[in-house]
Each structure stands twice: as structure tokens, then as C-alpha cells.
Amino acid sequence: MKKHNFSAGPCVLPQEVLQKASEAVLNFNNDNLSLLEISHRSKPFVDVMEKARALALELLGLEGKGYKALFLQGGASTQFLMVAQNLLEKRAAYLNTGTWSDKAIKEAAIFDDIHEVASSKSANFNYIPKEYDIPEDHDYFHCTSNNTIFGTQMKKFPKTKIPLVCDMSSDIFSRVLDFSQFDLIYAGAQKNMGPAGTTLVVIKEDILGKVSRKIPSMLDYKVHLSKGSMFNTPPVFAVYTSMLTMEWLKNLGGIKAIEKENEKKATLMYSEIDLNPLFKGYSAKEDRSNMNATFTLLNDDLKETFDTMWQDAGINGLNGHRSVGGYRASMYNALSLDSVKVLVEIMSELESKA
Ligand SMILES: *Cc1c(COP(=O)(O)O)cnc(C)c1O
């Protein structure tokens with residue numbers, strides 16, 4: 001039986017997607033060739049890329065609104081520097097809500113001055129700062145919608161006059177938002193969209209072409225856009241599998257439908273964390289992430305027992321990140337409510353034993 005996979009990333013994918021992806025590795029499109037053997041310029045693969053790009057915009061409700069989607073390489077981490085390369089002329093504003101924001105700031109600082117509008121670093125990122133100003137003369141504002149490591153999630157985004165850039169790596173396609181408030185969204189595929197190896201970038205085209213520096217081709221959004229996300233050989237397997245996951249989501253009813261499931265899972269998880277006296281949630285209640293629930297066991301003496309119990313129940317990937325400790329239950333789109341029920345059951349069983 002498949003494990004209950006609470007891994008933070010790479011992480012759980014829908015079983016039917018894994019099945020279809022594995023079939024394509026052996027025989028793609030009934031052409032008696034593997035997806036991995038054909039030219040990326042062949043019609044069957046160009047169709048895959050175009051479908052993936054279109055599905056991303058469709059799911060986000062951004063068709064016909066001046067946006068384009070790209071599937072790039074180098075992970076979300078390359079977007080930390082690409083964003084700055086392409087958009088930063090004088091100064092940019094960043095909200096620091098965790099390790100990933102911090103890294104994005106470091107990369108952008110290579111190019112020019114960074115204005116950190118607020119940070120929760122001194123509280124080890126257990127909340128999202130809310131009171132801050134975003135100067136109108138800055139080039140853009142960058143934030144991280146979901147802080148995978150600390151288990152916080154932005155519930156609201158500031159209204160900005162300057163372009164709004166968001167790292168949505170760990171909660172893309174998980175909840176309904178007005179995505180047209182963002183000018184650039186990026187997301188590494190391996191948290192909620194597909195396997196590692198590709199990064200979705202959704203850009204409002206009119207924000208580009210405003211910096212004076214020369215941009216290397218591979219780091220230039222305009223180059224990738226002009227080549228239909230095929231400037232060089234794309235990561236064909238990662239794009240294909242991401243396309244399958246987006247199709248799966250569309251067939252379920254899109255973001256609206258999955259958001260309901262995600263809320264059920266998170267409600268169940270957090271109510272156990274709050275009601276069970278053996279556990280304590282890590283992040284501020286109003287900022288809790290519906291994707292990554294971080295919590296600790298108050299009595300360390302129970303750790304061995306608890307760890308054995310969840311492992312025996314076929315649960316995988318529950319250990320917290322080293323910078324937080326404790327536990328982290330990642331509940332991405334493809335994780336079923338049943339998996340959360342299994343975990344919650346074990347937590348309450350531990351309570352009755354203790
Ligand atoms: C995982 C993660 C990243 C890093 O992604 P890579 O694809 O490994 O570079 C960046 N931002 C967030 C929010 C993440 O969760």
C-alpha cells in the first residue's frame with residue numbers, strides 16, 4: 001500500500017498522474033517511443049508544452065489578461081536572481097517571512113539596493129508581518145505566499161502601485177485568490193505541481209523591458225517568451241508530469257474544488273494540534289499555513305514512541321525542518337483527507353497512552 005506522504009517537497013503526487021507519467025516514459029502518445037527519447041521540437045511535445053502553459057493560465061483565471069506562462073529550469077532559486085535581473089533598476093522592496101524570502105533578498109542584493117520592508121526573522125519567522133509601507137518609487141515588491149519551512153501563509157496581499165512579485169512555490173493552485181493582483185508569480189514544480197526540474201513563471205508581459213542592464217539570454221524572460229518556453233531543451237518529463245497534474249486538478253473542478261479539500265485537511269490537522277495537550281503549534285494562529293502544519297511535541301520523552309507509531313502506520317516525511325525542529329505535516333493538493341485522518345488518529349492515540 002502506498003504510504004501517507006507528508007513530505008515537504010518533492011512530495012506527494014496524484015497516483016493517476018504517476019501512472020500516466022510512467023506509461024509515457026515507456027510509450028508516449030502510442031508512437032512506440034519514450035517521452036524521453038523524442039525531440040522536444042516534435043509536434044507531440046510542442047503540444048504538451050503549449051497545453052501546460054495554457055492550463056496554468058486557465059487554472060489561475062489569467063487567460064486573456066496580458067499574462068504568459070513559462071516552464072523554466074533552475075528551480076525557484078534561479079527565480080530569486082532572474083526576478084532581480086529583469087525588474088530591478090534602482091531599488092526593490094522585499095518582505096522577509098522566512099528562509100526562502102531571505103534567500104531571494106540575498107540574490108537580489110547582488111544587483112542593487114534592497115529595501116526590506118519588514119521581517120519576522122527575530123521571531124524565527126513564526127508569523128507574517130502586516131504593518132509596513134511599500135514605497136511607490138521602488139521597482140517592485142516581492143513576497144513569499146507560503147513559508148514552507150515555518151508553516152505560515154499570507155492570507156492577504158498588500159495593494160501595491162508597483163509590480164507585485166510572489167514566490168508561490170509551496171501553495172500554487174491550492175486556494176482561490178485574485179491572481180490578477182500579481183504581476184509575476186513563480187513556483188518550483190516539486191511542491192504542488194509536479195516533479196522537480198521545472199519552475200512555472202507567470203508574467204504580466206507589460207512589466208518587462210524596463211531595466212537598462214544587459215541580461216544573459218538564459219536569464220531573460222523576454223527571450224524565453226519569444227521562444228514559447230523552448231529557447232533551449234526544456235525538462236520534458238517535468239513539464240509533461242506538471243501538465244498531467246494540472247489536468248487532474250482541472251478535472252477535479254480546479255482550484256475552487258481543491259481549496260475546499262485543503263481547508264478540510266488543515267482544519268482537522270490544526271484542531272488536533274490545538275486540542276491535544278501533548279502538542280503545540282509553531283506558527284501564529286492567524287498566519288497558519290494550510291499547506292504545511294508545523295508543530296512540536298511538548299514532552300521529548302514521548303518522541304520515540306510517537307515516531308515509531310507514525311512510521312508503523314505508513315506515514316512518511318513528518319520530521320520538521322532543522323531550523324524549526326519538531327514536526328511538519330505537509331498537506332499539498334494530492335494528499336488525501338484520509339492520510340490526515342490517519343495522522344490525527346495516531347496523535348490522539350498517543351494522548352490516550354500518555
Ligand atoms: C522549495 C522552495 C523554494 C526553492 O525551490 P527550488 O526549486 O529548490 O529552488 C523556494 N521558495 C519556496 C517558497 C519553496 O518552498
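Select phenylalanine 173, which is buried with a relative accessible area of 1%; buried means under 20% relative accessible area, exposed over 50%, and partly exposed in between, with a 1.4 Å probe and protein chains only. Phenylalanine 173 sits in the loop between strand E8 (164-167) and E9. Helices (H or I, at least four residues) and strands (E, at least two) are DSSP runs, numbered from the N terminus. Phenylalanine 173 is not a glycine, yet its phi is positive, about 65 degrees. Most residues other than glycine have a negative phi, and most peptide bonds are trans.

The model is predicted: local features need pLDDT of at least 70, side-chain atom pairs count only at pLDDT 80 or more, and totals for chains, interfaces and linings use all residues. Residues are numbered from 1 along each chain as its sequence is written, and side-chain values use heavy atoms, with hydrogens and water left out.

Next, select asparagine 124, in the loop between E4 and E5. Asparagine 124 also has a positive phi, about 45 degrees, although it is not a glycine. Its relative accessible area is 31%, which makes asparagine 124 partly exposed.

Stay in the loop between E4 and E5 and select histidine 138. Histidine 138 is buried, at 9% relative accessible area. Leaving out residues up to four places away in sequence, histidine 138 touches Arg91, Ala92, Ala93, His115 and Ile162; contact means heavy atoms within 4.5 Å. A distance to display is the one between the C-alpha atoms of histidine 138 and isoleucine 128, which are 10 residues apart along the chain and separated by 21 Å.

For the cis peptide bond, select glycine 9 and proline 10, which it joins with omega at about -10 degrees. Proline 10 is in the loop between strand E1 (4-5) and helix H1 (15-26).

Move to helix H4 (residues 99-108), where Ser101, Asp102, Ala104, Ile105 and Ala108 are buried. Looking down the axis of H4, these buried residues fall within an arc of 160 degrees, so they line one face of the helix; the arc is that of the directions from the helix axis to the C-beta atoms. Among the elements covering them are helix H3 (75-87), strand E3 (91-96) and strand E4 (113-119).

Now display the open sheet of 3 strands, in the order E11-E12-E14 with antiparallel pairing. Its edge strands, E11 (279-281) and E14 (327-330), each pair on one side only. Two strands pair if DSSP finds at least two bridges between them; strand E12 (residues 292-297) and E14 have 4 bridges. Alanine 293 stands opposite alanine 329 in E14.

Axes are lines fitted to C-alpha atoms, for helices over the stretch in contact, and angles run from 0 to 180 degrees between N-to-C directions. Within H7, pick alanine 257, partly exposed at 25% relative accessibility.

Helix H8 (residues 303-312) also lies across E11, E12 and E14, at about 20 degrees to E14. Finish with H8 and helix H9 (residues 337-353), whose axes come within 10 Å and cross at roughly 145 degrees.
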